[in-house]
Amino acid sequence: MQVTVTFRRIKPSEALKLYAEEKSERLARYLHEPVEVHWVLSVSKIRHIASATIVAMGLKIKAEEETEELYSA
């Protein structure tokens with residue numbers, strides 16, 4: 001599984017990167033290799049946005065969540 005994490009308008013944090021990679025590992029149970037996951041973590045005022053793009057088995061899945069805390073997004 002290939003996981004990349006991009007930070008926008010936020011200081012890169014190793015803890016956030018590891019958290020995103022850990023959450024991505026859960027997908028391995030459902031999707032067959034090779035799987036690519038690209039996370040974009042951004043902050044805009046009080047909006048914390050986490051979006052993920054997953055590419056596996058010829059499918060492209062996009063998800064996005066916005067909350068007041070990046071870990072819960």
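Predicted model: local features only at pLDDT ≥ 70, side-chain atom pairs only at ≥ 80, totals over all residues.
Let me begin with the overall architecture.

As to dimensions, the C-alpha atoms occupy a box of roughly 35 × 20 × 15 Å along the principal axes.

I turn now to the interior. Of the 73 residues, 30% are buried. The largest nonpolar core comprises 15 residues, and Val5, Val35, Val37, Trp39 and Leu41 have the most contacts inside it. Two or more residues each come from strand 1 (2–8), helix 1 (14–25), strand 2 (35–44) and strand 3 (47–56).

Leaving aside residues up to four places away in sequence, which residues does Trp39 touch? They are Val3, Thr4, Val5, Thr6, Ala20, Ser24, Ser51 and Ala52. Val5, for its part, is also among the core residues with the most contacts.

For the chain as a whole, consider contacts between residues at least 6 apart in sequence: 40% of these join residues at least 24 apart.

Finally, the surface and the charges. The accessible surface amounts to about 5200 Å², and carbon and sulfur atoms account for 52% of that area. The protein carries 11 positive and 11 negative charges, whose mean positions lie 5 Å apart.

Technical notes
Residues numbered from 1 in each chain as written. Heavy atoms only, no water. Core = buried A, V, L, I, M, F, W, Y, C linked by side-chain atoms within 4.5 Å. Buried < 20%, exposed > 50% of the residue type's maximum accessible area, 1.4 Å probe, protein only. Helix = DSSP H or I, 4+ residues; strand = E, 2+ residues; numbered from the N terminus. Contact = heavy atoms within 4.5 Å. Areas by Shrake-Rupley, 256 points an atom, 1.4 Å probe, with all protein chains shown as cover. Lys, Arg positive; Asp, Glu negative; His and termini not counted. Charge placed at Lys NZ, Arg CZ, Asp CG, Glu CD.
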